[in-house]
Amino acid sequence: LSPVIANLIMEDFESKALSLVCLLPKLWKRFVDDTNVIWSHGHEELDHFFNHLNRQSSAINFTMEKEVNGCLPFLDILISKNSDGSLSQQVFQKKTHTEQYLHANSHLFPAQMLGVPNTLATRALRISDEKNFEKEKSHLVNVFVENGYSRFLG
């Protein structure tokens with residue numbers, strides 16, 4: 001129920017907050033409480049917009065990650081600008097991610113044990129574009145071996 005309530009609160013928040021500004025984002029996409037914005041009005045105006053959002057409610061505090069070297073993480077995706085202006089995407093993990101999952105030698109129901117590699121493989125297929133999929137696939141082979149799932153590789 002929490003995501004539904006959070007979504008309702010954020011819908012109300014964003015409609016009020018966005019109605020009170022002169023300069024709007026070129027794109028505003030939100031998933032529950034994570035927002036991806038394309039801003040085309042300059043850095044100073046972006047800071048004003050960011051401060052405006054944070055003044056709207058003492059209960060809602062936005063943080064901001066700006067594009068670095070043409071890359072921006074959003075949820076589990078790293079979005080990158082290519083030299084031709086197109087976008088590419090790949091699986092994103094924070095630097096603190098440990099790559100530790102339920103070990104295959106744990107006492108698990110078979111469905112739980114299969115869920116770990118299935119979930120990671122499905123995420124890689126859905127998120128990674130063609131350019132980045134092979135790199136993610138190689139990465140997952142190492143993750144599977146480290147977590148005892150090597151018998152599923154082949």
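Predicted model: local features only at pLDDT ≥ 70, side-chain atom pairs only at ≥ 80, totals over all residues.
Visitor: How far apart are the end C-alpha atoms of helix H1?
Guide: Helices (H or I, at least four residues) and strands (E, at least two) are DSSP runs, numbered from the N terminus. The expected span of a helix is 1.5 Å times one less than its number of residues. For the 18 residues of H1, residues 2-19, this gives 26 Å. The distance in the model agrees with that expectation, the end C-alpha atoms being apart by 26 Å.

Visitor: Which residues of H1 are buried, and over what arc do they lie?
Guide: Buried means under 20% relative accessible area, exposed over 50%, and partly exposed in between (1.4 Å probe, protein chains only). The buried residues of H1 are Met10, Phe13, Glu14, Ala17 and Leu18. They lie on the same side of H1, because the arc they cover around the axis, taken from the directions from the helix axis to the C-beta atoms, is only 110°.

Visitor: Against which elements do the buried residues of H1 pack?
Guide: The other side of H1 has the exposed residues Val4, Leu8, Lys16 and Ser19. Packing is judged by contact, meaning heavy atoms within 4.5 Å. The partners of the buried residues of H1 are strand S1 (27-31) and helix H2 (43-55).

Visitor: Which residues form a nonpolar patch on the surface?
Guide: Patches are made of residues with over 30% relative accessible area and no salt bridge; like charges are joined within 9 Å, and nonpolar side chains (Val, Leu, Ile, Met, Phe, Trp, Tyr) within 5 Å. Accessible areas come from the Shrake-Rupley method with a 1.4 Å probe, and for residues only the protein chains shown count as cover. Val4, in helix H1, is exposed at a relative accessible area of 51%. With about 540 Å² of accessible area together, the patch is formed by Leu1, Val4, Ile5, Leu8 and Ile9.

Visitor: How far apart are the closest N and O atoms of Lys66 and Asp47?
Guide: Lys66 counts as partly exposed at 38% relative accessibility, and Asp47 likewise counts as partly exposed at 33%. In the salt bridge between them, the closest N and O atoms are apart by 3.6 Å.

Visitor: Is Arg123, the salt-bridge partner of Asp76, buried or exposed?
Guide: The closest N and O atoms of Asp76 and Arg123 are 3.7 Å apart. The pair links distant parts of the chain, with Asp76 in the loop between S3 and strand S4 (77-81) and Arg123 in helix H3 (residues 110-127), 47 residues apart. Asp76 is partly exposed at 36% relative accessibility. With a relative accessible area of 18%, Arg123 is buried.

Visitor: What phi does Val32 have?
Guide: Val32 is found in the loop between S1 and strand S2 (34-38). Val32 is partly exposed, with a relative accessible area of 23%. Although Val32 is not a glycine, its phi is positive, at about 55°.

Visitor: Which elements are among those covering the buried residues of H4?
Guide: The buried residues of H4 are Asn132, Glu136, Leu140, Val143 and Phe144. They are on the same side of H4, because they cover an arc of only 110° around the axis. The face turned away from the buried side carries the exposed residues Lys135 and Asn142. The cover of the buried residues includes S5 and H3.

Note on methods. Residues numbered from 1 in each chain as written. Heavy atoms only, no water. Salt bridge = Lys/Arg side-chain N within 4 Å of Asp/Glu carboxyl O.
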